Amino acid sequence: MASLGELERTLMDRLWAAPGPVSATELQQQLADRGLALTTVHTVLSRLEQKGFLVHDERRPRRFTPRATREAHAAELMHEVLGQAGDRQAALARFVGSVDAEDAAMLRALLAGGDGAGSDAAGAR
Amino acid sequence: MLPATALALGVLAALLAWPVPAALARARWPRRDPLAALVCWQAVGLAGGLSIIGALLVHGLAPWGHSLPEAWWHWVTWQDSAEPVRGDHWVAQTLAAVLALELLGVLALSGVRTARTRRRHRALLELLVRPSDTPAQGETLLLDHPAPVAFCIPGARPLLVLSSGMVAELDGAQLDAVVAHERAHLREHHHLLLLPFVAWRAALPVLPAADRAHDGVRDLVEMRADDVALRSLSGPDPRRTLAVAIVAAAGGAGGQVPDGALAVTGGPVAVRVRRLLAAPDPLPARARWAALASAVALIFLPTLLLLLPAVV
């Protein structure tokens, strides 16, 4: 029994790979080997829609399209993680922030055994 | 009794709004004992808020009684004041209420907003990334991106994320060090230590101390996570392994320097690397206890000033 997250991922992968809008029935058929009930597909699709990953059209039956490409979502996430979106707190524990080229060179010099030029750059603030 | 109390609280508030945070930010001992310093920062924040609101409240309610609890009771039960109420009493009351509401409101708002962002990040990650067991143990997610990045999303179900750029840049022992560092953040709930300072920096943009305090806590939390990570690392020279990982992660982002106010300068990163390469002497036990005792005293002082006149 696959987890809900796993199912969400599988359906999104299908939708991202599809050339156009896809209906729940088509998705169920594509995944026939997993033996999913149509209601399960519907449940997962509406969860994905609630999370803002999908939009549906007004046809009957409804057909679903991803709201953005996979690459766009990844780029959005990294944008925030890299602190460019100004909301660093959410992903608080980023291992190290980026530093500029000069500081990076200084850090490498530190590692190499030099005592690092400007040793008080850190203390003065 | 009350005017003296208000004055004492006011002086304490002024000290905590400027000289104390400035001294703590400039001091060099915190990098020798990040944990004790973090406790001190929390105490400064809490005592600062308590004393400024307390000072305003004590002054505003002075006509209603001889101690804060008594005056407060008379005030909420709509009793007549014992002395004539002047305009400045009303102003102080209003300021106290506004400040208290702002500090608590911004804290709550900041908490809610952060929780929402985290939820969105988590949903995105769960969709974009398959759980991997290749890098270092357990629930580490591998995000496909060239920039060397590692971060964690705290919460009931914490997530730890490594970018493919990070994995490409580091060897196994270094990756273990990165993961241990992020795990330390999660285990010690560092996001909760930082949250009030993020909120109060937003609430008090005019107060330079709020900025200083935020930056101080942010950097100390990183040093603390380094220290905790070292304890769980094996290998010949874990300090150096972690330092190399930090330098690789900081330098490899090539041109991805954030230009906003949140940009991280080389300063704190260099401090981290330096204290890993040459371990600072741990703070002597006496000094450590003195720091912790001052933190406790700092919280007790305004509390006693507010409550004691009711007893004596």
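**Notes on the two-chain model**

1. Starting with chain A: 31% of its 125 residues count as buried, where buried means 20 or more other C-beta atoms within 10 Å of the residue's own, exposed means 12 or fewer, partly exposed is in between, and C-beta atoms are placed from the backbone. Bear in mind that this is a predicted model, in which local features need pLDDT of at least 70, side-chain atom pairs count only at pLDDT 80 or more, and totals for chains, interfaces and linings use all residues. On labels, residues are numbered from 1 along each chain as its sequence is written, while chains are lettered from A and ligands numbered from 1 in the order in which they are written.

2. Chain A has five helices and three strands; helices (H or I, at least four residues) and strands (E, at least two) are DSSP runs, numbered from the N terminus. Along the sequence the order is α-β-α-α-β-β-α-α. Among chain A contacts with a separation of 6 or more, 37% link residues 24 or more positions apart. A contact here means that the C-beta atoms of two residues, placed from the backbone, lie within 7 Å.

3. Have a look at A:Leu48, which sits in helix α3 (residues 38-50) of chain A. A:Leu48 counts as buried because 22 other C-beta atoms lie within 10 Å. Beyond its neighbours within four places in sequence, A:Leu48 touches A:Glu8, A:Leu11, A:Met12, A:Phe53 and A:Leu54. A:Gly97, by contrast, is 49 residues away in sequence and 32 Å away in space, C-alpha to C-alpha.

4. Over to chain B. Its domain assignment gives domain 1 (1-84 + 288-312) and domain 2 (86-280), with bounds that come from an automatic or database domain assignment. The C-alpha centres of these two domains of chain B are 30 Å apart. Their contact takes 28 residues from domain 1 of chain B and 27 residues from domain 2 of chain B.

5. What supplies the domain 1 side of that contact in chain B? Helices α2 (19-26) and α3 (34-61) of chain B each give at least two residues, and the largest share, 16 residues, comes from α3(B). By class, the side of domain 1 of chain B that touches domain 2 has 21 nonpolar, five polar and two charged residues. For the classes, Ala, Val, Leu, Ile, Met, Phe, Trp, Tyr, Cys and Pro are nonpolar, Asp, Glu, Lys and Arg are charged, and the others, Gly among them, are polar.

6. Helix α7 (residues 172-187) of chain B passes a length check: its 16 residues should span 22 Å at 1.5 Å a residue, and its end C-alpha atoms are 22 Å apart. The expected span is 1.5 Å times one less than the number of residues. α7(B) is mostly covered, with twelve of its 16 residues buried, including B:Asp176, B:Glu182 and B:Arg183. Just after α7(B), B:His189 has a positive phi of about 50°.

7. Helix α12 (residues 285-307) of chain B checks out too: 23 residues should span 33 Å, and the end C-alpha atoms are 32 Å apart, which agrees. Buried residues in α12(B) include B:Ala291, B:Leu298 and B:Pro302.

8. Last, a hairpin. Strand β3 (residues 150-153) of chain B is covered on both faces, with B:Ala150 and B:Cys152 buried on one side and B:Phe151 and B:Ile153 on the other. Four bridges join β3(B) to the antiparallel strand β4 (residues 159-163) of chain B; strands pair if DSSP finds at least two bridges between them. B:Ile153 has B:Leu159 as its bridge partner in β4(B). Five residues lie between the strands of this hairpin, where B:Gly155 takes a positive phi near 150°.
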